[in-house]
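Please look over the sequence and the structure before reading on.

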Amino acid sequence: MLEVKLKVNGEERSVDVPEDVPLLWVLREELELTGTKFGCGQALCGACTVHVDGKARRSCVTAVGDVAGKAITTIEGLTQGEADGKLTVLQQAWVEGNVPQCGYCQPGQLMMAAALIRRCPKPTDAQIDATMSGSICRCGTYPRIRSAIHAATGQSEDGGAK
Amino acid sequence: MSEATQDPASSPEASKAIVPLLRRGRVARRRFLLGMLAGTAGLTIYGGVRASADEARVPDPNDVEGAFRPNIYITVTPDDRVLYGFPKAEMGQGTMTGFAMLVAEELEVGLDELEVFFPIASKEYDALETATGGSTSIVTGFVPVRQAAAAARMMLIAAAAERWGVAPDSLHAKAGRVLDDANDRSASYGELVEAAKQQRVPEAPVIKSKQDFKLVGTPARRIDSAPKVTGEAQFGIDVVVPNMTRAVMIHPPRIGAAVVSLDDSKAREMPGVVDVVITPRGVGVVAEKYWQAMRAAPAVEIEWDEGTGPSFGTENLRAELAARTDEGHVAEDEGDVDAVSGTVLEAEYETPYLSHSPMEPMNAVADVRGDVCEIWTGNQGPSAIQEAAANQLGCDRIQVIVHTPYLGGAFGRRSHPEAAIEAVWLSEAVGRPVQVIWSRENDTRGHRYRPQSHNRIKGTLDASGELAALEFHAQSQSIFASLDAGGLFPPVIPPRLRKWLAGNLSRLFDSNTLLADTIPTEGATHLGYAIPNRRVSYANFHTPVVVSWWRSVGYSINTYVVEAFMDELAHAAEQDPYEFRRAMLQDSPRWLGVLEAVAEMSEWGERELPEGVGRGIAVCFAFGSYCAHVIDAHVDEGTIVVDQVYSALDCGYAVNPDLVVSQVEGSVIFALTAALWGEITMKDGAVEQGNFDTYRMMRMHEAPKIEVRLLSSEEDIGGVGEPAVAPVAPALANALFMATGHRLRRLPLQPELDRARARADQGGK
């Protein structure tokens, strides 16, 4: 096996796995970062979403060799850049809005939402739909996810500025 | 498979692979004690039985040295920590927060101060039955959870009273302290721990009345949100134990199929593979890592037999049910439906098999070792898993230790122990802990479905247009009869669960015999409508498919049939569907309350709808609560679009109103998914759906606006997690009738609408 060098949540890590192993399982089993979830294995549900160089990627269909040397951020690393123990404004909006139910899809939802507001700081409902529709929530938290994104970006419900 | 014609037993390669399973007595049967806690004997339990002193236990977080532990659930430590062992499953429904609010309220501590954890399954925690389902947790826990906390408070106050030589009545508790206002002194709970231990445990703790609640009844924040937004929350799939292996299960491609021959020689040479094991539920490929097992699984060559249902298919079943005339059992018979004359309307309705499809695929870790079997799995009934595993291993239930982490969704699916038992079999075979993770396809094809059903309904309108008689006949498959899944898991309803069912659901069925199974008719009986003549009956049918509780269970089928047909009757009587219902609900105030609420919210009949938009209404009583929806929908180039949902729920009293609202929102979206697209079909004994591309879920851009109103009636508390599922499908079907003129009597609605439009295009009706 080849050693694959990774940069995960700002840390240099190396793993002894074939380059075509999905990033999802490398994160979960080799690096024990279990916040990234397995939902479908085919990029259909979004539960496994992470950031690669700031962009949302489905880790269940991403070969680990393809992201060697790139900056990978998982849900565990989302708070980097915040003061110790502090949540991001997005995570805080999730908590304040009682968004999570079972919570299993929420790491993926948050990684999608975080990528969205990075490139689109005040998304409209249509922009939220276009991005967030890739992530399935079986508990049906969609209305609250929408509200939380608006709240985190300082907008009222209809997408207009507060 | 390719060259698997030889008898597997005669092939040295293959015979090596077949590990004899079900070796009874592998786990030595004996009484054993693991870290038995001194002083736990006789811990008082409210709302249940006393614990036996010699129950086997493993250390649990409540076992803090020197702590005050007035009952099994609550612990106060000398350094002012307050711990609460939450005895239920948290699968999104918010019960963990609800119970914690009840404890914090009575114990006078901040909700944030309480350390809540999931205890291992034991008879002690089971006293407030640990099975989670039927929307019963808050209903059954509302008093006993508070009693447990109030007992602790009373004993801490008594301890302070003793120390200060004053009457307990002159003291009160606040923010984790006992206060003596008259003498301007106070003590923290931690300071009182030693003295509190010496106090008598109150037999009947004094709990607050609702008007004194400060926290309960407020829209407090969920206590599980923070770990769920940081990835910290541990679900079953996240469990890692030392020396653990991971397994892919290759389930039979057809229902009931068994392995004829197997060649695992290629798979065994692949990196990390530990073993390939034939089990009664398929073949387990065990490897060091899951990705290794995933790679090895396709290399296992298996020849399967045809199974019990090689020619079974849901289309055949539909035809069979349509032709059947079995009268079955009568569940309700009021007046005389045969003595009524008038305008008769008859219809047949159909609903399909449905998969639960929680986002977390089924999984479990099992470690069978020595005289203990330890299991970690998200589940809705740890005692059922203990029973099932003990039954497989031939040991006592107390030798099975069940840990319940967070559940990544369940909806009824995690009431069943298959994944846990697969992990037990595999761990027994390889002699190491094994984690089984089902693929999404495993999960969709997991053969625990809401029953397919066929319903006949008939109404008679008298000369004045009033509904004089209603006859309802269900053909459905009994969930109870299906529970033991081909005899793999008897006894599947353990005596304790049976007792709980009797205590909580006696309205529904006789849990001793399980004969009077009224789940197939729930939602059709006990209607609030004043209909003088009613007859509700049910004929069971058997199929090789294993059926299950699916969020809102029988109501999810029968409320659709009854409430869609009410719409048909209203139109036949040339009455407004809302007014038609309203007239019949004058003596059912809580039915009427939710119905009138959604009419008001939606400005029923007062506001013109946009061109092409239809509006439907439906109401029900389910799980002790009352719910109504108004749904606005239209069809855009053949695709159903749900625009807006107005919902009203009367659950009597809401412990946390915002979490109740979130359950209604979630129920609506869950039910819309099923109503629009949900359908598990079988052909030649095989399930046709697999991943989310073929078993479709509602997504963000398809979710309607949902407005929810809670009605507080100060009546008994009702369930919250399920009632709002039931009236969604009929309200939507009724809206689509208004929008399109097509009466959709078969779920799911999108393909049924497609068929109706195709028939109309061909000039049919």
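Q: Is Tyr626(B) buried or exposed, and at what relative accessibility?
A: This is a predicted model, in which local features need pLDDT of at least 70 and side-chain atom pairs count only at pLDDT 80 or more, while totals for chains, interfaces and linings use all residues. Residues are numbered from 1 along each chain as its sequence is written, chains are lettered from A and ligands numbered from 1 in the order in which they are written, and side-chain values use heavy atoms, with hydrogens and water left out. Buried means under 20% relative accessible area, exposed over 50% and partly exposed in between, with a 1.4 Å probe and protein chains only. By that rule Tyr626(B) counts as buried, at a relative accessibility of 14%.

Q: Which parts of chain B does the aromatic pair of Tyr555(B) and Phe623(B) tie together, and how many residues apart in sequence are they?
A: Rings of Phe, Tyr and Trp (its six-membered ring) pair if their centres lie within 6.5 Å, and planes under 30 degrees apart count as stacked, over 60 as edge-to-face and the rest as tilted. Tyr555(B) and Phe623(B) form a tilted pair, with 5.1 Å from centre to centre and 55° between the planes. Helices (H or I, at least four residues) and strands (E, at least two) are DSSP runs numbered from the N terminus. Tyr555(B) lies in helix 16 and Phe623(B) in the loop between strand 21 and strand 22 of chain B, so the pair ties together parts whose separation in sequence is 68 residues.

Q: Which residues are linked by ring pairs into a cluster that includes Tyr104(A)?
A: Over all chains, the structure holds 20 aromatic pairs. Ring pairs link Tyr104(A) into a cluster with Phe86(B), Phe99(B), Phe118(B), Phe235(B) and Tyr406(B).

Q: How many residues does each chain bring to the contact between chain B and chain A?
A: Contact means heavy atoms within 4.5 Å. The buried area, which is the accessible area (1.4 Å probe) that two parts lose on being put together, summed over both, is about 4,700 Å² for chain B and chain A, with 58% of it on carbon and sulfur atoms. In chain B, Trp291(B), Met359(B) and Met700(B) lose the most area to chain A, together 19% of what that side buries. The contact takes 52 residues from chain A and, from chain B, 60 residues.

Q: Which helix of chain B gives the most to the side that touches chain A?
A: The rule finds 30 residue pairs in polar contact across this interface, both residues being at pLDDT 80 or more; a polar contact is a pair of N or O atoms within 3.5 Å, where within protein one must be able to donate a hydrogen and the other to accept it, and residues adjacent in sequence count only if both atoms are side-chain atoms. Helix 7, helix 9, helix 13 and helix 19 of chain B each supply at least two residues of the side that touches chain A. With ten residues, the helix of chain B that gives the most to that side is helix 19.

Q: How many residues apart in sequence are the parts tied together by Arg222(B) and Glu90(B)?
A: The side chains of Arg222(B) and Glu90(B) meet in a salt bridge, 3.0 Å from N to O. Arg222(B) is buried, and so is Glu90(B). Arg222(B) lies in the loop between helix 6 and helix 7 and Glu90(B) in the loop between strand 2 and helix 2 of chain B, so the separation in sequence is 132 residues.

Q: Is Glu600(B) buried or exposed, and with what relative accessible area?
A: Glu600(B) forms a salt bridge with Arg709(B), the closest N and O atoms being 3.3 Å apart. Arg709(B) is partly exposed, with a relative accessible area of 32%. Glu600(B) is exposed, and its relative accessible area is 54%.

Notes
Salt bridge = Lys/Arg side-chain N within 4 Å of Asp/Glu carboxyl O.
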